[in-house]
Amino acid sequence: MAAPPFDFDGVIAQPRVIRAGRGHSYLVPILGGTFEGPRLKGRVIAGGADRQLHRADGIKELDALY
């Protein structure tokens, strides 16, 4: 069963390169935002981040902490 749709309006900072090794790695800080769906509504507080690893084989790994 699919989750109901929701709206997300996030505010992010400029991505930062945090290391290189298996590929290019980036940290995208989350500065805030809002979300709303049929049964849930709220705001995103600053402090989370998307961590992205762009591997040499073209695969992108994402670890999102909101």
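Tutor: A residue is called buried under 20% relative accessible area, exposed over 50%, and partly exposed in between (1.4 Å probe, protein chains only). Asp-57 is exposed, at 52%. This is a predicted model, in which local features need pLDDT of at least 70, side-chain atom pairs count only at pLDDT 80 or more, and totals for chains, interfaces and linings use all residues. Residues are numbered from 1 along each chain as its sequence is written, and side-chain values use heavy atoms, with hydrogens and water left out.

Student: How do strands β5 and β6 pair?

Tutor: Strands (E, at least two residues) are DSSP runs numbered from the N terminus, and two of them pair if DSSP finds at least two bridges between them. Here β5 (residues 49-55) and β6 (residues 60-65) are antiparallel, with six bridges. His-54 lies opposite Lys-60 in β6. Four residues separate the two strands of this hairpin, and Gly-58 in the turn has a positive phi of about 95°.

Student: How many salt bridges does the structure hold?

Tutor: Side chains of opposite charge can pair when their charged atoms come close. The criterion is a side-chain nitrogen of Lys or Arg within 4 Å of a carboxyl oxygen of Asp or Glu. The structure has three. One joins Asp-63 and Arg-51 at 2.5 Å, N to O. That pair connects strand β6 to strand β5, twelve residues apart.

Student: Which residues are linked in a network of salt bridges?

Tutor: Arg-55, Asp-57 and Glu-61. Arg-55 meets Asp-57 at 2.6 Å and Glu-61 at 2.8 Å. Arg-55 counts as partly exposed because its relative accessibility is 28%, and Glu-61 is partly exposed at 30%.
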